[in-house]
Amino acid sequence: MNVGIGLPIADPAALLTWARCADAGPFSTLGLLDRLVYDNPEPLVALAVLAGATTRVRLQTEVLLAPLRDAALLAKQSATLDRMTGGRLVLGLGIGGRGDDHQVSGVDMRTRGRRLDAQMAVMRRLWSGEPYGDGVGPIGPAPARPGGPEVLFGGFKPAAIARVGRWGDGFLAAAPPSWAGGLFDTARASWKHYGREGEPRLVAQVNVALGPDRVVDDARTAMSAYYAFTGMADRMVAGMLTTPAGIRAAIADFADLGADEVMLYCYGRDPDQVERLADVV
């Protein structure tokens, strides 16, 4: 079972410390979420900086809101980052559910799913070295991984998870074990429906905070602010794991469900959490 670290967003300058500590430890991946109308670092830019501070860990968007972006430019940006990191980029993609993000980018929320499907058709074509079309030639550079960086899709509805088999390499489940099992089954069914060989890579996410009360309180405050728009922030914060035993139990539960990796997502800013979590895993 691989275990990664989801990075806090409150202090972008501190992420270099987090990344170096994670790269020196047992962790497999660094993850970073995406919002537009929020006080968070832009994930592709931030991960490019962190790539230069690390040598081993994968760099994962968790998840990048692809419909807010131009498909050709996103293909070029992600191929560049994948190429320059030797294939360490993992492109977690989703459609997003915040109206303000879509409003300022001029994207109609009612069509964001169809827009993502169209974007994937363009990006897969470009990553394979084919021309853009309409008399426009290929757009490089070629990614390190043939056919493009690894793509995971996040989401909860069947239409979202169906993209795993159609366009992706795996699924990212931001859900507790009690819910993730059904989502994993849906992702596996999509994989088989599209006649894919092997199995999709299954990645789970659990929110954690490990340390003294000030660290836990900081994490709860940050997570509550981030999810305030849902009207369910209190319930989500209540699911945050704050003990070594709870974190180990969640990792074991996800392993039983067949997850390949668990991302321990941190909202608290204290970088000493990396060492504490390393002791847990």
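Val237 is buried, with a relative accessible area of 12%; buried means under 20% relative accessible area, exposed over 50%, and partly exposed in between, for a 1.4 Å probe and protein chains only. The model is predicted: local features need pLDDT of at least 70 and side-chain atom pairs count only at pLDDT 80 or more, while totals for chains, interfaces and linings use all residues. Residues are numbered from 1 along each chain as its sequence is written, and side-chain values use heavy atoms, with hydrogens and water left out.

Val237 belongs to helix α9 (residues 233–238). Helices (H or I, at least four residues) and strands (E, at least two) are DSSP runs numbered from the N terminus. Leaving aside neighbours within four places in sequence, Val237 is in contact with Arg220, Met223 and Ser224, where contact means heavy atoms within 4.5 Å. Between the C-alpha atoms of Val237 and Ala219, which are 18 residues apart along the chain, the separation is 8.9 Å.

Glu150 is also a buried residue, with a relative accessible area of 16%. Glu150 is part of strand β5 (residues 150–154). The Glu150 side chain makes a polar contact with the side chain of Arg201, at 2.7 Å. A polar contact is a pair of N or O atoms within 3.5 Å; within protein, one must be able to donate a hydrogen and the other to accept it, and residues adjacent in sequence count only if both atoms are side-chain atoms. Not counting residues up to four places away in sequence, Glu150 touches Leu89, Val90, Leu91, Arg145, Asp169 and Arg201.

The loop between α5 and β5 holds Asp134 and Pro141. Asp134 counts as exposed, at 81% relative accessibility. Its phi is near 55°, a positive value in a residue other than glycine. The peptide bond from Gly140 to Pro141 is cis, with omega near 5°. Another cis peptide bond runs from Glu62 to Val63, with omega near -10°; Val63 lies in strand β3 (residues 58–65).

Helix packing can be followed from α5. The axes of helix α3 (residues 71–84) and α5 come within 9 Å and cross at roughly 45°, so α3 is oblique to α5. Axes are lines fitted to C-alpha atoms, for helices over the stretch in contact, and angles run from 0 to 180 degrees between N-to-C directions. Angles under 35 degrees count as roughly parallel, over 145 as roughly antiparallel, 65 to 115 as roughly perpendicular and the rest as oblique. The crossing of α3 and α5 is right-handed; a crossing is right-handed if the near helix is turned clockwise from the far one by less than a right angle, and left-handed if anticlockwise. On the α3 side, Ala71, Ala72, Leu74, Ala75, Ser78 and Ala79 meet Gln119, Val122, Met123, Leu126 and Trp127 of α5. This contact has 9 nonpolar, 2 polar and no charged residues. Ala, Val, Leu, Ile, Met, Phe, Trp, Tyr, Cys and Pro count as nonpolar, Asp, Glu, Lys and Arg as charged, and the others, Gly among them, as polar.

Helix α5 (residues 112–127) also packs with helix α6 (residues 158–167), their axes coming within 12 Å and crossing at roughly 15°. Helix α5 is therefore roughly parallel to α6, and their crossing is right-handed. Gly113, Arg114, Leu116, Asp117, Met120, Ala121 and Arg124 in α5 meet Arg163, Arg166 and Trp167 in α6. By class, the contact of α5 with α6 has 4 nonpolar, 1 polar and 5 charged residues.
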